[in-house]
2 protein chains.
Amino acid sequence: MRELMAATGGEDVVYLGDSARVPYGTKSLDTVRRFALEDAAFLMQFEPKLLVVACNTASAAAIDVVRERIDVGVVDVIAPGSAAAVEAADGMIGVIATEATIASGAYQRAIDELAPGREVIAAACPLLVPIVEEGRDQDDPIVLHVLGDYLRHLQRARPGALILGCTHYPLLSGAIGKLMGPEVELISSARAAAMTVRDRLAETGLASTRADRGTLRCFTTDNAERFAKLAERFGGCRIDDVTFVGVDELEIPAETARQ
Amino acid sequence: MRELMAATGGEDVVYLGDSARVPYGTKSLDTVRRFALEDAAFLMQFEPKLLVVACNTASAAAIDVVRERIDVGVVDVIAPGSAAAVEAADGMIGVIATEATIASGAYQRAIDELAPGREVIAAACPLLVPIVEEGRDQDDPIVLHVLGDYLRHLQRARPGALILGCTHYPLLSGAIGKLMGPEVELISSARAAAMTVRDRLAETGLASTRADRGTLRCFTTDNAERFAKLAERFGGCRIDDVTFVGVDELEIPAETARQ
């Protein structure tokens, strides 16, 4: 959301955070697919120009089925992140992401399509999301210990680029960069996806031409106050317009989407 | 579930694991309350003799509203765990649990009712659930590092008893015991709740009198295979009868329960 608003200043954004059912990254792909379809169907009521699946796990599990069922352009985070990594460096590419994203093989496939035969080393890092959500900062000894554990093989393998394949990981990019060394290019899927959105809107003539900043409306399935607090840490700005929406409200349009 | 089946050999048990929406411990109390009511309403279709809210966070958030809406005896894990701690030792009682459980103040209130004025030191330990679910064992250096961080104040405070106020924590009881020392009595809410169930069934004349073991039926809202694997680690036995139930199926009886 932060990268998107930076890249496309004049666009109105509607954001849904399914906080009541997160994390998606430790769930089965079937469950994530069902949730992602419901989330997408909910957002369609706002008649967006473009839908962004701004979660790596949801992109990995559900992008095909969302594209199939949703009647608007859909941008994911995995294809843009993979393209950015392939362009950023030669040689091996590292990917760190949730269990579900890694298990899906989505990054491996996307990189192989763009650069056939390029070696990919993937590591699932299940504790990083809860560590970020707990609010630990990057020089916390536990953060460094856990990162050191997950990155051990990648440090030895010395990839040209390392994809931070989860929305939460860029908040640890300082520590990850220190552990991996300056010669490893860190790739944020979020920034790459935001650039894709900007380009896609420009190509299709759908980009807003107004000069003032767009509006942001946020919905969450859990507590709006808690959401605002977390969003402040992630987005770096105060978000006041947060509306609660029950998960049962999500499930009605999903039924329709399924038909 | 393991403690319950050990304490009440001849009873049939129906278990629902809301795996698609866990963890509950990082969500707001409102959301946990809604989920717990839905879970309870789902289980009522099996016409149980007794309903056990076998999750500390759900007990903390929802026990009153579940008791109010559900027309059968309800056993929680917080009252039995608190009673066991009060009996086990004099002096201060420590509680470790999820963010939501600690924030609810449920253990603090329950202990104060049983032993007015007894000092309680509570510590939220948000990373312990994901650490256990990741499958790390008790001598993993990260497990010891994280436990050391959470238990620092409790080690200095030297409580007489420490309540392991989350289903997952007894899997780390070896490491917790080593860090706290042998003079601190570790209290498993699960065992205490299972004893309460056994006593309640005996008192009300509802206990099964048959000699052979009862049956176990499990339902999960996520992937049945994943559930079986995790249940094996927690329960120490193979569970074959696991049925998937969609979260949307949970939400229908919940609507009824709300009316």
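**Close-up views of a predicted two-chain model**

**View 1. Arg21(B) pairs with Asp39(B) in a salt bridge.** Arg21(B) is buried, with a relative accessible area of 0%. The model shown here and in every other view is predicted. Arg21(B) forms a salt bridge with Asp39(B), and their closest N and O atoms lie 3.7 Å apart. This pair links distant parts of the chain. Arg21(B) sits in the loop between E1 and helix H2 (29-44) of chain B, while Asp39(B) belongs to helix H2 itself. The two are 18 residues apart. Asp39(B) is also buried, because its relative accessible area of 13% falls under the 20% cut-off.

View 2. Is Arg33(B) partly exposed or buried? Arg33(B) has 29% relative accessibility, so it counts as partly exposed.

**View 3. Asp12(B) and Arg210(B) connect two loops.** The side chains of Asp12(B) and Arg210(B) meet in a salt bridge of 2.4 Å, N to O. Asp12(B) is in the loop between helix H1 (2-7) and strand E1 (13-17) of chain B. Arg210(B) is in the loop between helix H10 (189-203) and strand E8 (216-220) of chain B. Arg210(B) is partly exposed, with a relative accessible area of 36%. A search of the whole structure finds 30 salt bridges over all chains.

**View 4. Chain A meets chain B.** Here 34 residues of chain A are in contact with 34 residues of chain B. Together the chains bury about 2700 Å², 51% of it on carbon and sulfur atoms. Between chain A and chain B there are four salt bridges. One salt bridge joins Arg226(B) to Glu99(A), with the closest N and O atoms 3.8 Å apart. Across the interface, 15 residue pairs are in polar contact. Which elements of chain A give two or more residues to the side that touches chain B? They are helices H2 (29-44), H7 (128-134), H8 (141-157) and H12 (247-258) of chain A. H8(A) gives the most, with six residues. The residues on this side of chain A divide into 14 nonpolar, seven polar and 13 charged.

**View 5. Salt bridges form a network.** Five residues are linked here: Glu134(A), Arg136(A), Asp140(A), Asp149(B) and Arg152(B).

**View 6. Strand E6(A) is enclosed.** Why is strand E6 (residues 161-165) of chain A described as largely enclosed by the rest of the structure? Five of its five residues are buried. Both faces are covered. Ala161(A), Ile163(A) and Gly165(A) are buried on one side, and Leu162(A) and Leu164(A) on the other. In a regular strand, side chains alternate between the two faces of the sheet. E6(A) pairs in the parallel sense with strand E4 (residues 93-97) of chain A, over five bridges. Ile93(A) stands opposite Ala161(A). E6(A) also runs parallel to strand E7 (residues 185-188) of chain A, joined by four bridges. In E7(A), Glu185(A) is the bridge partner of Ala161(A).

**View 7. Phe46(A) sits in a loop.** The loop lies between H2 and strand E2 (50-52) of chain A. Phe46(A) has 26% relative accessibility, so it counts as partly exposed. Leaving out residues up to four places away in sequence, Phe46(A) touches Val14(A), Arg217(A) and Phe219(A). Met195(A) is 149 residues from Phe46(A) along the chain, and their C-alpha atoms are separated by 22 Å.

Notes: Residues are numbered from 1 along each chain as its sequence is written. Chains are lettered from A and ligands numbered from 1 in the order in which they are written. This is a predicted model: local features need pLDDT of at least 70, side-chain atom pairs count only at pLDDT 80 or more; totals for chains, interfaces and linings use all residues. Side-chain values use heavy atoms; hydrogens and water are left out. Contact means heavy atoms within 4.5 Å. Buried area is the accessible area (1.4 Å probe) that two parts lose on being put together, summed over both. A polar contact is a pair of N or O atoms within 3.5 Å; within protein, one must be able to donate a hydrogen and the other to accept it, and residues adjacent in sequence count only if both atoms are side-chain atoms. Ala, Val, Leu, Ile, Met, Phe, Trp, Tyr, Cys and Pro count as nonpolar, Asp, Glu, Lys and Arg as charged, and the others, Gly among them, as polar. Buried means under 20% relative accessible area, exposed over 50%, partly exposed in between (1.4 Å probe, protein chains only). Two strands pair if DSSP finds at least two bridges between them.
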